[in-house]
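The questions below ask how the labels used for this structure follow from their cut-offs. Each answer sets a value against a definition.

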Amino acid sequence: MNGPATEAGRRTRQPLLWIVVIVVFALGVGYVYRPQGQANLDVRRSYFRTTPDGVAALARGIDRLGRATAPRTTPFVEADESDPLRGTVALLEPAVVLSPREVATLLDMVREGGTLLYIPSYRATSDGAARSPLMDSLGVRFRVLSLADQIREQSLEEPGWHEHALTAGLGPSGSLVDGLRIDGEDDPDSTGVHDVRRLLTAEDTGSGDREWILAAVFAFGEGRVVVFSEGGPISNERAGEHPLAVLAVRAALAYTGEADTVFFDEFHQGIRGDRTRAEVLRDFFLGNPAGRTLLHLVVVSFLILACLGLRLGAPTPAVAPPDLERRSPLEHVSALGDLYRKARADNTAALLLVARLARTTRHPPPRTTAEAASLLRKLDAGAGADTPLARARSGLGNDPPDLAALAAGIDEYLAARG
């Protein structure tokens, strides 16, 4: 009798074993095909990023030299008394284009004496380089690069510093690709831009030795705008050795009051501070490699558990046919006997028959065939050789047990006992 019980225990442990095997296999596959992280195509000049493309090093440098820095994760149009747009705003190659209302709010802040550190984003179009609303308002436009120039990263030549307090003592800047024009340099009344001072320029010898601006500072109302042509030199990857990063730090220190703060605009880098917990979980499970792996494991585990617990339907129709409303006791016993016979569980059936006798006579149910035979002998002690329990004991001793003889003997004994 220990054999069937042991086999049943093994069967109950098998689902857990398979779940563990599948989870371990999925983890192994996820580890083998995990992202290597060698390339970052999503370039963002973010205060929060310590990766090569971020500007965390620039922010820490400004902070250590005496000007407070902080991220701003709210839109400009919602600025109020509790979150005013003030001090110095660093808008570095924004991934999200500012709306006209945001541009107006930002320029009002600069016009009233604030400072803007600005690196426009180069967006190529079929007609050249796209101009954002802020670039239009400031009269800033890019040097247009052909497709071949973009592929070859055709650099400007002979970069040189112009004399200014911010550029004193700076070393060679190296070659840059993007160049700027500032309309207010030639016509101060067109945009409100005036007092344009070039800080770093270079020449495009391939188109008539034209000089392009790589960095400049100009007045806008009572405030200042410091503009750079590209953000690579101030990124974490190059800030430690590029003089343009030093220029950016100097500009932040020079044009930001000691009581003011340099705010790095993270909202227009696509980083928002008002995300709900549901959005955070969604981004983790759908936008993060580790989150997607965990989500797949959870889904697979639930599918396995669902399949293991799936019922294949009721053994009988929900509504029995009119001529088969109920089975007779004989039909029920015959059906059970057939099931036990097909399952080769004659010993189990015999023990169940003797267990009924044991309960009636207030004895513990037998667990083995030997205990069942002992119980029958005990109940039939001194009654002779041809008794109902003697015939039942004889049927129990057959191989396989004679269930009919065993059941008949037990029934006859119980009927005579009253």
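This is a predicted model: local features need pLDDT of at least 70, side-chain atom pairs count only at pLDDT 80 or more; totals for chains, interfaces and linings use all residues.

Q: How confident is the predictor in the protein, and which elements have the lowest and highest mean pLDDT?
A: pLDDT is the predictor's confidence in each residue, from 0 to 100. The mean for the protein is 80, and 77% of its residues reach 70 or more. Among the elements, H5 has the lowest mean pLDDT (62) and S3 the highest (96). Helices (H or I, at least four residues) and strands (E, at least two) are DSSP runs, numbered from the N terminus.

Q: What makes Asp 204 and Arg 143 a salt bridge?
A: A salt bridge is a side-chain nitrogen of Lys or Arg within 4 Å of a carboxyl oxygen of Asp or Glu. The closest N and O atoms of Asp 204 and Arg 143 are 3.6 Å apart, and the pair counts as a salt bridge. The pair links distant parts of the chain, 61 residues apart: Asp 204 is in strand S9 (residues 193-204), and Arg 143 is in the loop between strand S6 (140-142) and helix H5 (147-152). Arg 143 is also buried, since its relative accessible area is 3%.

Q: How do you know that Glu 211 and Arg 198 form a salt bridge, and where do they sit?
A: Their side chains meet at 2.5 Å, N to O, which makes the pair a salt bridge. Glu 211 has 30% relative accessibility and so counts as partly exposed, whereas Arg 198, at 19%, counts as buried.

Q: Which class does each partner of the Asp 53 and Arg 49 salt bridge fall in?
A: The side chains of Asp 53 and Arg 49 meet at 2.6 Å, N to O. Asp 53 has a relative accessible area of 7% and is therefore buried. Arg 49 has 22% and is therefore partly exposed.

Q: How many salt bridges does the structure hold, and which residues are linked in a network?
A: The structure holds 12 salt bridges. Arg 131, Asp 136, Arg 141 and Asp 183 are linked in a network of them.

Q: What makes the buried residues of H3 a single side?
A: Helix H3 (residues 100-111) has the buried residues Glu 102, Val 103, Leu 106, Leu 107, Met 109 and Val 110. They cover an arc of only 150° around the axis (taken from the directions from the helix axis to the C-beta atoms), so they are on the same side of H3. The face turned away carries the exposed residues Pro 100 and Arg 101.

Q: Why is strand S12 called largely enclosed?
A: Five of the five residues of S12 (residues 261-265) are buried, so the rest of the structure largely encloses this strand. Thr 261, Phe 263 and Asp 265 lie on one side, and Val 262 and Phe 264 on the other.

Q: How do you know that S1 and S2 pair with S12?
A: Two strands pair if DSSP finds at least two bridges between them. Five bridges join strand S1 (residues 68-72) to S12, and three join S2 to S12. S1 runs parallel to S12, as does S2. Ala 70 has Phe 263 as its bridge partner, and Thr 88 stands opposite Val 262.

Q: What joins strand S11 to S3 and S10?
A: Four bridges join S3 to S11 in parallel, and six join S10 to S11 antiparallel. In S11, Val 226 stands opposite Leu 117 and also opposite Val 217.

Terms used. Residues are numbered from 1 along each chain as its sequence is written. Side-chain values use heavy atoms; hydrogens and water are left out. Buried means under 20% relative accessible area, exposed over 50%, partly exposed in between (1.4 Å probe, protein chains only).
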